[in-house]
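Open the structure in your viewer and keep the selection panel at hand.

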Amino acid sequence: MFNVLRQQARAPLRRAYATQGYVPPAAANNIGQSMIPRFKPRPVSPTFYTGLPSYFENVNTLESAITTSRNILQNLQLLPLPKFARDALPESTPVWKGKDELGFQVETKLTTARYRRLVGLLTQLEEFRKIADTAGCVEVAESIGDVTVLFQRENRDAVLAGGKKKPVQFDKYGRTYTIGRRKESSARVWMIPVQGKSQKPAAAAASSVPSVQAPLPPAAEVNESQNEATSPDLTPFLSPKPLAKTEEPTEVTATNIIINNVPLIKYFPHSLDRERIMRPFRLAGLVGAYNVFAIARGGGTTGQSGAVALGVAKGIVAHAPEVQPLLKKAKLLRRDPRAVERKKTGRRKARKAVRIFFFSSCSASLMLTFY
């Protein structure tokens with residue numbers, strides 16, 4: 001009661017404070033102009049408000065190009081394609097730019113997910129281009145190609161040519177030359193088929209067949225008897241002389257596998273190394289069909305035998321292409337990527353650590369007293 005009366009008596013005596021801030025006189029003239037709303041220009045693209053406007057602008061451009069191409073192909077009744085028609089399309093291998101190069105083009109550092117999204121859109125657009133090109137729609141294919149060529153590498157032809165393997169060449173003697181590598185070893189391998197039994201020439205075969213004369217008519221027999229009585233015998237002078245015997249080529253009946261001028265069984269004393277070289281012949285069923293001459297350098301017996309085996313497998317495929325799927329399935333046509341791990345600092349080998357002995361004070365004192 002008394003507190004309420006006391007507060008009412010003190011109310012007129014309280015000091016009133018200003019509620020507005022102090023405004024300098026020089027700034028009072030521009031108060032009206034600051035209250036005018038400022039005009040903000042409208043952004044050109046809606047991606048302006050995103051964190052990556054350049055990236056999303058390219059995504060929107062590709063998506064609009066895909067939509068337009070799909071509508072055109074649907075109007076031409078080229079979409080949707082059945083599976084057998086899609087599989088019959090000609091193969092084309094586009095070489096898109098890498099993540100760093102494509103990120104520099106779109107002015108954004110691309111993550112793996114964003115790079116895959118761009119590549120997926122480009123691949124779909126490239127598929128539409130193949131459909132239009134196969135159907136004969138040149139204008140549609142060229143317009144799509146003008147978009148996709150901006151995202152492909154400049155050295156596309158060189159990249160595609162680098163992935164192709166060069167075919168194995170045959171020399172004038174029928175030999176193949178291949179190279180195999182394994183670990184630190186490399187091997188140069190020459191292969192030539194084993195010569196079989198030589199066939200007789202056609203002239204020699206014809207001369208060995210006895211000649212059979214047809215029977216003569218009776219009038220001819222009379223004339224022949226008269227001629228024999230009057231004409232001298234010239235048979236020994238007109239008979240052909242026996243021909244000299246032609247020298248037959250030397251027959252090679254056994255397969256020779258020579259490595260560094262040493263036979264296989266002597267160069268590789270371990271049966272595992274010899275079996276590694278003979279495995280391509282056993283799988284292809286061509287044991288004893290070829291002579292092999294190899295020069296191996298570097299590494300040890302395991303590396304050299306693996307290098308020779310790779311060269312032998314490549315040579316077998318060159319001579320007998322029908323066995324390529326069998327050797328490829330057995331993984332004999334690719335280099336073994338395994339190699340010895342390098343030695344590390346502070347370790348005896350790649351993983352083996354140095355053993356450290358910790359002695360207690362008692363054992364140390366005993367050792368000192370013993371010595």
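Start with everything selected: among contacts (heavy atoms within 4.5 Å) in the protein with a separation of 6 or more, 67% are between residues 24 or more positions apart. The model is predicted, so local features need pLDDT of at least 70 and side-chain atom pairs count only at pLDDT 80 or more, while totals for chains, interfaces and linings use all residues. Residues are numbered from 1 along each chain as its sequence is written, and side-chain values use heavy atoms, with hydrogens and water left out.

Colour by secondary structure next. The protein shows 16 helices and five strands, taken as DSSP runs (helices H or I, at least four residues; strands E, at least two) and numbered from the N terminus. Of its 371 residues, 23% count as buried (under 20% relative accessible area with a 1.4 Å probe, protein chains only; exposed is over 50%, partly exposed in between).

Now select helix α7, residues 138-148. Its buried residues are Val 140, Ala 141, Ile 144, Gly 145 and Thr 148. Viewed down the axis of α7, they fall within an arc of 130°, so they line one face of the helix; the arc is that of the directions from the helix axis to the C-beta atoms. Glu 139, Glu 142 and Asp 146, on the other side of α7, are exposed.

Finally, go to Gln 304 in helix α14 (residues 301-319). Gln 304 is buried, at 9% relative accessible area. Its side chain reaches the backbone oxygen of Gly 298 at 3.1 Å. Residues that Gln 304 touches include Ser 185, Tyr 267 and Phe 268.

Methods. A polar contact is a pair of N or O atoms within 3.5 Å; within protein, one must be able to donate a hydrogen and the other to accept it, and residues adjacent in sequence count only if both atoms are side-chain atoms. Lists of a residue's contacts leave out its neighbours within four places in sequence.
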